[in-house]
Amino acid sequence: MKKFSCIICVFTLFMLGIANPIQTFAESSSNQQDINAEINQLEKTYGFETVDLNDSTETINPTELEFDTTEEFEEFVKGLQEEDEIEVNEEISVSEDEENSGGMQTFATTKSGSKLLNWWSPVQNGKIILGSYKNIRIKYKYKLVNKKPQFVSVSNYDSYLTGINLEVDWLHKGGKASFSKKNSTKDTANITVDGVYVLGVIIAGHPIGFKWNGSWKRSLTLKK
C-alpha cells in the first residue's frame, strides 16, 4: 500500500512538473498577444512601423532601452514627437566686407555660405534620459538688395543626431526651405528636414523594432 502511495506521489509531482511549464508558456503567450495588441494600437496613433529585429534586410539594432509597459514606451515616443514640434529662429550676420563695393548698386553679387544649425533636444521618461543634439547642415546663397541681405537659395541638406546615451538612430531623407520676411524681403529661410527614426527596444521583456517618420524645423535669418 505504501509502495502504491509513493507511486501516486511521484506521478503527481511528475504531472505538476509538466503542467507548470505549460502554464508558464500559456501565460507568456497570452502576455505577448496583449503586448502585440497594444503595439498595434500605438501604430495607428503614432504612425509606427514595427520591424522584425531578426530580419537581415533591416538596419535596426537592439538597444539597451527597456520599458516595463507599453504605456512607458508611449510616453517616451510622445517626448520625441514633442521635441520635433519645437521651432526656433537663428540669426547669421552678414559682415560688412561682404557688401558689394558699389554701394549704390541695386543688386549685389551673389554670395555663398554654409551653416550648421545645432540645438539641444533631450528626451526624458522616468529612468530613461536621452541627451541628444539635433543637427541640420545646409549651404545657402544670398545677395544684398538695397544693402539688405536676401536669400537666393538653400541646398545640400543633411541632418543627424549627436550626443550622449544616444539610443535612437535618425536616417536623413531630404530637406526643403521656404522664404519669408522678418526685417526685410526674403531675409528668413524656413527650413524643414525629413527623416526616419529607427529604434530597437525591449517592452515587458519582448524585443521589438520600430521605424517612424519625423520632421525637424528651424528658421535662419540673415542679419546685417
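Trainee: Helices are DSSP runs of H or I with at least four residues, strands are runs of E with at least two, and both are numbered from the N terminus. What pattern does the protein chain follow along the sequence?

Mentor: The pattern reads α-β-β-α-β-β-β-β-β-β-β-β. That gives two helices and ten strands.

Trainee: What kind of model is this?

Mentor: This is a predicted model, where local features need pLDDT of at least 70, side-chain atom pairs count only at pLDDT 80 or more, and totals for chains, interfaces and linings use all residues. Residues are numbered from 1 along each chain as its sequence is written, and side-chain values use heavy atoms, with hydrogens and water left out.

Trainee: What is the mean pLDDT of the protein chain?

Mentor: The mean is 78, and 71% of the residues reach 70 or more. pLDDT is the predictor's confidence in each residue, on a scale from 0 to 100.

Trainee: Where is confidence lowest, and where is it highest?

Mentor: Helix α1 (residues 2-46) is lowest, with a mean of 60. Strand β8 (residues 169-180) is highest, at 95.

Trainee: Over which residues does pLDDT stay under 50?

Mentor: Residues 21-28 are one such stretch, and the model has one contact beyond four places in sequence for them. Contact means heavy atoms within 4.5 Å. In residues 99-107 pLDDT also stays under 50, but there the model has 14 contacts beyond four places in sequence.

Trainee: Okay, whole chain now. How many of the 224 residues count as buried?

Mentor: The buried share is 36%. Buried means under 20% relative accessible area, exposed means over 50%, and partly exposed is in between, with a 1.4 Å probe and protein chains only.

Trainee: What does the accessible surface come to?

Mentor: About 13,300 Å², with 51% of that belonging to carbon and sulfur atoms. The areas come from the Shrake-Rupley method with a 1.4 Å probe, and for residues only the protein chains shown count as cover.

Trainee: And the contacts between residues at least 6 apart in sequence: what share joins residues at least 24 apart?

Mentor: That share is 65%.

Trainee: Switching to α2. What does helix α2 reach from its first C-alpha to its last?

Mentor: α2 covers residues 70-84, 15 residues in total, and reaches 21 Å. That is close to the expected 21 Å at 1.5 Å a residue. The expected span is 1.5 Å times one less than the number of residues.

Trainee: Which residues in α2 are buried?

Mentor: Among them are Phe 73, Phe 76, Val 77 and Leu 80, but also Glu 83 and Asp 84.

Trainee: Which strand is Ser 159 in?

Mentor: Ser 159 lies in β7. With a relative accessible area of 4%, Ser 159 is buried.

Trainee: Which side chains make polar contacts with the side chain of Ser 159?

Mentor: Trp 170 makes one with Ser 159 at 2.9 Å. His 172 makes another, at 2.6 Å. A polar contact is a pair of N or O atoms within 3.5 Å; within protein, one must be able to donate a hydrogen and the other to accept it, and residues adjacent in sequence count only if both atoms are side-chain atoms. Beyond four places in sequence, the contacts of Ser 159 also include Asn 135, Ile 136, Val 193 and Trp 216.

Trainee: How many aromatic pairs does the structure hold?

Mentor: The structure holds 15. Take Phe 67 and Phe 73: their ring centres are 5.3 Å apart and their planes at 75°, so that pair is edge-to-face. Rings of Phe, Tyr and Trp (its six-membered ring) pair if their centres lie within 6.5 Å; planes under 30 degrees apart count as stacked, over 60 as edge-to-face and the rest as tilted.

Trainee: Are Phe 67 and Phe 73 buried or exposed?

Mentor: Both Phe 67 and Phe 73 are buried. Tyr 140 and Phe 151 form another edge-to-face pair, with centres 5.9 Å apart and planes at 75°. That pair links distant parts of the chain, with Tyr 140 in β6 and Phe 151 in β7, eleven residues apart. Tyr 140 is buried at 8% relative accessibility, and Phe 151 is buried at 1%.

Trainee: Which residues do ring pairs link into a cluster?

Mentor: The cluster includes Tyr 46, Phe 67, Phe 73, Trp 170 and Trp 216.

Trainee: Last topic, the loops. What is the phi of Asn 146?

Mentor: Positive, about 55°, although Asn 146 is not a glycine. Asn 146 lies in the loop between β6 (128-145) and β7 (148-164), and at 54% relative accessibility Asn 146 counts as exposed.

Trainee: And the phi of Lys 186, what is that?

Mentor: Also positive, about 50°. Lys 186 lies in the loop between β8 and β9 (188-203). Lys 186 is partly exposed at 31%.
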